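Here is my note on this model. Please read the points with the structure open.

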Amino acid sequence: MRLLLVLGDQLSPNLSVLQKGDKAQDVVVMAEVADEASYVPHHPKKIAFTFAAMRKFAQTLRDDGWTVAYTPLDDPHNSGSITGELIRRASEHDAAGVVYTEPGEWRLIAALGDMPLKTHCLPDTRFIASHQDFDDWAEGRKQLRMEYFYREMRRKTGLLMDGDQPEGGKWNYDHDNRKPAPDQVTYGGPMQFTPDDTIKEVLALVADRFGDNFGDLEPFWFATDTGQARQHLTQWIKGGLPKFGDFQDAMLDDNRFLYHAVIGLYINAGLLDPLEVCQKVAQAYRDGDAPLNAVEGFIRQIIGWREYVRGIYFREGPEYTTRNALGHDRALPAMYWGAETKMNCMSKAIGQTKAEAYAHHIQRLMVTGNFALLAGIDPAQVHEWYLAVYADAYEWVEAPNVIGMSQFADDGIIASKPYISSGNYIHKMSDHCGACAYRVQDKTGEKACPFNLLYWHFLDRHRERFEGNPRMGNMYRVWDRMDDARRETVLSEADGFLKKLEAGEKV
Ligand code: FAD
Ligand code: DLZ
Ligand code: SF4
């Protein structure tokens, strides 16, 4: 007999290790362990979601005839690590070896490879592109543009294809998306589930062990099995999808989810299959229930961006997370861990992250990410924060988004220019500025929006690197047209702001 490892983000019946396993002889190993629960200070809701979904998945496997050796966190024999549990179970069952599906993190890949047991690693086939597919596509290209990779994925899956042409004649309908914040949101947000007895037990355990971590454990409403996640998906396709494209980039003070799918955590943990999700979404278009701009935009996020960032993570190797192309070294400000800030946009994005272990893409990219980049925060600290606080965060997907897309720390592998903006972008896409202590119209002075000051500070301090970038020339021309005195004021006020930030003052 062999041991078959199933990790907390591998909760899929079609997982390669289960497909290759033998129900009659092999033993499935699942373990809640201190190492996985604390390699970063995960949000308590993320830990509870993982443990609850693991426990329910183990039961589904047992009902399906598998033998499962499951270690709860509070088992007195728990060795505290995945490898420790495999070694313990191997001697308990006199196992001939361990088979596992490749984990989504270099750290764990290395640990499993180093075990004093016979091991066999299988590819994770829950993705559309294998490592080889991605490398074949990337080979010989000067720039790895997501848009071209995405077209390959459309052809490969046949999603939204009309023969060999894209549905409607265009590959990308983003031109119709990205409208400013709506006055009214007609979708009521993600489906919320009442904790059953399994979840209540997990909540008590997490409150006891991880109650001091940043984040609110309750109310806990996530789906924790495939049935629930599918119910949530059906509700979103009906109520959220039709306007998903239009308001994908909008932000509101009083609405945390707008038309977003809130589905990344379920797909990444294995409760939903990405292709199944896209097929259901494409069906809504064929049935006339959702417009092409919304459906194409959503499918692009999944078969385009999601697959592309995974390709980058595995292609770039384990040291990707340590890159720091811009030499940023400021400590992550306390406001990221809940300290008060006068910036309303930051307060809203971080506040909802604390409450829900969720923020949508533009909050992550253009509010918390933008601020960290403008303020010159050490990208490794930014990366650890994102990995800790979001329920959908695993390194393979989080690191390329943070190190690459958001912080430009990989020197432009993912982003052709840094995602930076002044307060004006946030003002255009949200209603945050109206209720802010700062004034978005003010470019200098006591109440000047910090994004306005730091924007120019960033461009000025990285002039050598970016002034030749064809997509940034305009920005430098605007800066150069300002008179010297104004430029000096902007830079010295930005320096003053950064000093206060470093001193831990409320900014
Ligand atoms: P929707 O807006 O409804 O989008 C649908 C789905 O598309 C998502 O669920 C996700 O599966 C996929 N998707 C969209 N954009 C991306 C992307 N850039 N990369 C990968 N998948 C994408 N996504 C994660 O899954 N885990 C992370 O840890 C993560 N960290 C991020 C950090 C930063 C700085 C940024 C800018 C983005 C990050 N993303 C991450 C991508 C994206 O923000 C989230 O997938 C999305 O916000 C999840 O919410 P949703 O399910 O409501 O997504
Ligand atoms: C995120 C997480 C947490 C909090 N706890 C566990 C755990 O106790 N046991 C487990 O198998 N997996 C857990 N996970 C998910 C893993 O960290 C994830 O499998 C790796 O990061 C690889 O993506
Ligand atoms: Fe954010 Fe500036 Fe608007 Fe305040 S004024 S909400 S800091 S963008």
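1. Ligand 3 has a shell of 14 residues, with C345, G423, C433, C436 and C449 closest. A residue counts as near if its C-beta atom, placed from the backbone, lies within 6 Å of the molecule.

2. This is a predicted model: local features need pLDDT of at least 70, side-chain atom pairs need 80 or more, and totals for chains, interfaces and linings use all residues. Residues are numbered from 1 along each chain as its sequence is written, while chains are lettered from A and ligands numbered from 1 in the order in which they are written.

3. Which elements supply at least two residues each to the shell around ligand 3? They are α14 (344-356), α18 (423-429) and α19 (450-461). α18 gives the most, with 3 residues. Helices are DSSP runs (H or I, at least four residues), numbered from the N terminus.

4. The ligand 3 shell has 10 nonpolar, 4 polar and no charged residues. Here Ala, Val, Leu, Ile, Met, Phe, Trp, Tyr, Cys and Pro are nonpolar, Asp, Glu, Lys and Arg charged, and the others, Gly among them, polar.

5. Around ligand 2 there are 17 residues, and L7, G8, E36, G104 and E105 come nearest. α2 (34-38) and α3 (44-63) are the elements giving two or more. By class, this shell around ligand 2 holds 9 nonpolar, 4 polar and 4 charged residues.

6. The protein chain divides into domain 1 (3-122), domain 2 (131-189 + 240-316) and domain 3 (334-502), with bounds from an automatic or database domain assignment. The centres of domain 2 and domain 3, taken over C-alpha atoms, are 25 Å apart.
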